[in-house]
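User: Could we go through the aromatic rings in this model together? I am new to reading structures.

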Amino acid sequence: MQPPGTDMTGICFRDQLWLNTYPLDRNLVFDYFALSPFYDWTCNNEQLRMRSIHPLDLSQLSKMTGMEYMLSEVMEPHLFVIRKQKRDSAEKVTPMLAYYILDGSIYQAPQLCNVFAARVGRALYYISKAFTTAASKLEKIGYGKYFHLSRM
């Protein structure tokens, strides 16, 4: 198990032996997810499993507090989305992370702030590249002495 806060977006988990043995459907997908390094063995779902209760039983999970996993999207048999969330009460949950299982491979979804940061960084790179190209073309046609990016 990884320490809390560890970025695991670069990790892919796949257990081909399990996939060859069991169907990947909404009834068994959580058992498959529990084999992955993404699974937190201290979660509420694991407490339910130890009591022989289905780990996604919302009627039981809603009575507990702490970390839990919920199956949030299903497109059998190819895509499943599992959300890790912190439950404070029966009505109050805070989403923490999302994981997706795509054709049997499990991934941690990147956090939205990381996606935005990467997109903004890429946009700034291309804007800078465009200004550099424009400046070099202006210099070639004689406007270089009037226009310098270094003064901006």
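Predicted model: local features only at pLDDT ≥ 70, side-chain atom pairs only at ≥ 80, totals over all residues.

User: How many aromatic pairs does the structure hold?

Analyst: There are 14 aromatic pairs in the structure. In one of them, the ring centres of Phe38 and Tyr99 are 5.3 Å apart and the planes meet at 45 degrees, so this pair is tilted.

User: Where do Phe38 and Tyr99 sit in the chain?

Analyst: Phe38 is in the loop between α2 and α3, while Tyr99 belongs to strand β4. The two residues are 61 residues apart, and their pair links distant parts of the chain.

User: And are Phe38 and Tyr99 buried or exposed?

Analyst: Phe38 and Tyr99 are both buried.

User: What about Tyr39 and Tyr69, and why is that pair called stacked?

Analyst: Their planes are at 25 degrees, with the ring centres 5.5 Å apart, so the pair is stacked; the cut-off for stacking is under 30 degrees. Tyr39 lies in the loop between α2 and α3 and Tyr69 in strand β2, so the pair ties together parts 30 residues apart in sequence. Tyr39 is buried, at 1% relative accessible area, and Tyr69 is buried at 1% relative accessibility.

User: Which residues do ring pairs link into a cluster?

Analyst: The cluster consists of Phe30, Phe33, Phe38, Tyr39, Trp41, Tyr69 and Tyr99.

Note on methods. Residues numbered from 1 in each chain as written. Heavy atoms only, no water. Phe/Tyr/Trp six-rings, centres within 6.5 Å; stacked < 30°, edge-to-face > 60°. Helix = DSSP H or I, 4+ residues; strand = E, 2+ residues; numbered from the N terminus. Buried < 20%, exposed > 50% of the residue type's maximum accessible area, 1.4 Å probe, protein only.
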